[in-house]
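Dear colleague,

I am handing over the structure below, together with notes on its pockets and its core. Please read the notes alongside the coordinates.

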Amino acid sequence: MLSLKEKYKDYFQVGAAVNSDTVVKEGHIIKEHFDTITCENTMKFGEIYKENGAYDFADPDIVYNFAKDNNLKMRGHNFVWHNQTPRHIFDKSADEVRDILKNHILTMHDRYGECITCWDVLNECIEDKTDGYLRKSIWLDKFGEDYPKQVFAIARENLPKDVQLFYNDYNEYVPEKRDKIVRLIKSINDEDKLVDGVGLQCHVNLYYPTLDLVKEAIELYASLGLRIHVTEMDLSHFRFEDQTVLEKPDEKLVEKHAKLYGEYFALFREYKDYIDNVTLWGVSDRYTWLDYFPVRNRKNWPLLFDEEGNKKQAFYEVMDF
């Protein structure tokens with residue numbers, strides 16, 4: 001049977017989020033089935049930039065060396081986010097913080113640029129819990145409402161032209177938030193095209209969103225002349241607000257999960273002229289962030305490979321075309 005990446009080679013790259021543990025324990029799955037990898041956390045600014053201005057490259061080096069040794073490309077994730085940010089730098093002036101960010105971008109490119117083809121420059125800056133526009137954050141407080149454009153301008157000035165720059169967000173299919181994302185990207189690209197693409201995280205579940213909402217979002221973002229990456233896909237067995245705990249999904253849930261995965265990938269194939277990459281937020285159900293969010297220590301099964309690394313029914317549905 002063909003691997004996942006072989007089956008999709010004429011459609012889009014298929015990726016997985018990884019860490020320094022999963023590239024070791026699940027490296028055989030990654031090498032066989034995926035074209036690209038994304039560091040789940042270990043390249044985030046606040047994770048590696050220390051209070052004395054030094055870097056801890058230990059974990060990202062493990063992932064990068066795995067990518068390099070196995071001819072895998074990487075999505076860079078990410079430069080600016082309201083979480084996992086080195087808050088100690090904000091004691092400095094705005095100009096000094098800009099210089100630190102510029103040097104951070106250069107440092108990451110110099111060290112990892114051989115494998116990284118794109119960066120999530122800005123992550124999750126849109127407000128989605130109120131009618132507000134930009135999420136409250138230390139970046140907004142420091143630089144004001146045009147900070148997204150400032151951040152993209154710094155990245156564009158300091159990265160090679162062939163490195164694509166992405167805005168990345170979740171709930172990107174919810175109409176109210178989707179429209180704010182469109183407003184944001186238009187405002188950044190009003191003079192020069194600084195944003196090359198939009199990252200649709202696609203953290204979805206068995207009950208929401210509808211495929212029509214996702215389709216509408218893809219078409220709207222594509223209409224802006226943007227490349228599209230599905231950046232963090234997983235398919236939870238639970239509604240977001242659901243507190244239920246399951247020992248394991250029953251046959252009906254397994255079938256529903258598989259069928260819906262097949263429908264999502266069929267939709268992505270339909271828009272292959274706009275979608276360049278579909279990345280799953282994990283390798284197998286052995287480790288997934290959804291075991292800890294939004295309910296801590298609740299097992300979830302959101303991926304294509306089970307806890308032992310075996311192909312699930314969902315895998316076969318995704319491959320059945």
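How many helices and how many strands does the protein chain have? The protein chain has 12 helices and nine strands, where helices (H or I, at least four residues) and strands (E, at least two) are DSSP runs numbered from the N terminus. This is a predicted model, in which local features need pLDDT of at least 70 and side-chain atom pairs count only at pLDDT 80 or more, while totals for chains, interfaces and linings use all residues. Residues are numbered from 1 along each chain as its sequence is written, and side-chain values use heavy atoms, with hydrogens and water left out.

Of the 321 residues, 55% count as buried, meaning under 20% relative accessible area with a 1.4 Å probe and protein chains only.

The largest pocket has a volume of about 830 Å³. A pocket here is an open set of points on a 1 Å grid over the protein atoms alone, where a 1.4 Å probe fits, with protein on both sides within 12 Å along at least five of seven lines; lining residues have an atom within 4 Å of a point. Grid points are joined across faces, edges and corners, and the volume is the space filled by probe spheres set on them. Of the 36 lining residues, Tyr170, His203, Phe240, Trp289 and Phe293 are the closest to the centre of this pocket, and the elements that give two or more residues to the lining are strands E3 (73–81), E7 (203–205) and E8 (227–236).

The second largest pocket, of about 220 Å³, is lined by 14 residues, with Pro249, Val254, Asp285, Trp301 and Lys312 nearest its centre. Helices H11 (251–270) and H12 (313–319) each give two or more residues to that lining, and the largest share, three residues, comes from H11.

The largest nonpolar core has 100 residues, and those with the most contacts inside it include Met74, Trp139, Tyr147 and Phe265; such a core is a set of buried Ala, Val, Leu, Ile, Met, Phe, Trp, Tyr and Cys residues joined through side-chain atoms within 4.5 Å. H11 gives the most to this core, with eight residues.

With best regards

Technical notes: Buried < 20%, exposed > 50% of the residue type's maximum accessible area, 1.4 Å probe, protein only.
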